[in-house]
Amino acid sequence: MTGAPFLPYGRQSVDEDDIAAVTAVLRGDWLTQGPAVEAFETALAERLAVPHAVACATGTAALHLAALALDLGPGDAVVVPSLTFLATASVVHHAGAEVAFADVDPATGLMGVPQAEEAIARAEAAGLRVRALFPVHYAGQAADMAGLGALADSRGLAVVEDACHALGSVTRSGGGEEVPVGACADGTMTAFSFHPVKTIAAGEGGAVTTADARLAERMRVLRSHGMTRHPAPLADPDAGFDADDSPNPWYYEMAEPGHNYRLTDIQCALALSQLGRLDRFVARRRRLAELYAERLAPLAPAVRPLGRVPWCRPAWHLAVALIDFAGLGRSRAAVMHGLRERGIGTQVHYIPVHRQPFWRRRLEGLALPGADAFYAAALSLPLFPDMADGDVDRVAGALAAELGL
């Protein structure tokens with residue numbers, strides 16, 4: 001182990017303003033279900049130029065709420081790229097629908113229109129009714145939402161963007177204008193994560209944005225046990241109203257079961273404070289990504305950067321290097337162990353979900369060569385706002401030494 005500080009692949013950046021914001025909540029009256037939740041939702045919606053933001057417990061909860069709001073069920077299918085975290089597919093299964101896994105571009109890790117169309121055809125051949133696309137904005141780069149949005153429109157499909165990597169990214173819409181990821185210009189809903197390694201942190205946390213007021217209200221109800229206290233409409237108005245027609249203050253109804261997916265005021269205070277530094281975080285991540293591109297260029301062709309797409313200005317969540325481990329005669333595990341000994345943490349994003357035992361049992365030998373090729377080469381290097389420029393030099397030098405380049 002070196003004497004230099006250990007560099008994890010990602011970590012939160014917390015300052016005194018964040019601590020003060022959380023402390024103020026702890027000294028106040030509301031630790032949860034209070035005013036900080038609405039304040040964060042309002043600020044997030046304004047930042048992303050979208051009418052509605054629904055805060056919730058995690059990025060997984062955000063995806064699940066979106067899936068539930070679409071009323072997915074048996075016989076339905078949702079197209080999900082295999083190169084993603086487990087949650088993107090799991091929430092579809094939990095909602096009662098089937099997953100139609102799509103392949104990805106082996107250079108970018110993104111699902112495009114051809115991959116989505118192939119997955120749709122496979123699902124329909126199996127007798128399923130395709131209801132939605134769940135594109136994933138991998139590493140901060142947005143999928144081709146103009147193309148995927150047009151495909152969805154042509155087939156009457158909903159689109160839920162998994163933007164858990166992409167808060168702060170800007171993309172080009174089907175109308176040709178630049179829009180924030182989360183504006184839902186070409187989609188129905190967009191899910192975000194505020195895990196500590198993401199662009200802003202809430203400890204844990206998530207949100208769904210949408211331009212659809214009905215979907216937003218449905219998700220607000222579903223995130224709190226399916227419970228509503230609204231005076232109307234009530235299924236049992238005799239129980240809900242007093243003799244003078246005023247609503248009974250204790251009364252609530254559950255039209256359908258929901259979940260406890262609420263985000264606390266403590267977490268929202270932290271997220272709101274962090275949101276105020278989003279531009280700074282994004283600029284720093286972009287600068288570090290540029291430095292990686294420069295420092296790793298001499299290692300080509302054995303080491304390649306993640307492929308870039310022309311329609312997006314990413315708020316980079318991950319610094320992914322694509323490495324020819326087999327050609328170099330080095331196993332990925334050995335390289336990761338060697339880098340850790342040098343004080344550098346790495347990770348792999350992701351094992352394609354279709355390779356997981358649960359899904360293999362259901363998919364009868366599905367082959368997705370783009371996702372498999374990407375996975376075989378991917379290594380996520382340290383990337384977080386508090387890194388110094390010199391940290392990138394250190395990582396690049398250590399990687400070159402471990403690879404023998």
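The second largest cavity holds about 70 Å³ of space. Keep in mind that this is a predicted model. Thirteen residues line that cavity, and those nearest its centre are E161, T171, V179, A185 and D186. Strands β6 (170-172) and β7 (178-180) each give at least two residues to this lining. By type, the lining has seven nonpolar, three polar and three charged residues.

In total, the structure has three cavities of 30 Å³ or more. Helix α10 (278-296), β12 (303-305) and β14 (319-323) each supply at least two of the lining residues, and α10 has the largest share, with four. In this lining, 14 residues are nonpolar, two are charged and none is polar.

Now to the annotated site. The unreviewed UniProt entry places an "active site" feature at K198. K198 sits in the loop between β8 (189-193) and β9 (206-210). Is K198 buried or exposed? It counts as buried, because its relative accessibility is 14% and the cut-off for buried is under 20%. Beyond its neighbours within four places in sequence, K198 contacts C164, H165, S193, R285 and H317.

Last, helix α6. This helix covers residues 145-155, and its buried residues are M145, G147, L148, G149, L151 and A152. Among the elements covering them are α5 (113-125), β4 (129-133) and β5 (158-162). After α6 comes G156, with a positive phi near 70°.

Definitions and conventions. Residues numbered from 1 in each chain as written. Predicted model: local features only at pLDDT ≥ 70, side-chain atom pairs only at ≥ 80, totals over all residues. Heavy atoms only, no water. UniProt positions renumbered as here; feature names shortened; annotations may be inferred. Buried < 20%, exposed > 50% of the residue type's maximum accessible area, 1.4 Å probe, protein only. Contact = heavy atoms within 4.5 Å. 1 Å grid on protein atoms, 1.4 Å probe; cavity = no way out; pocket = protein on both sides within 12 Å on 5 of 7 lines; lining within 4 Å. Points joined across faces, edges and corners; volume = space filled by probe spheres on them. Nonpolar A, V, L, I, M, F, W, Y, C, P; charged D, E, K, R; others polar.
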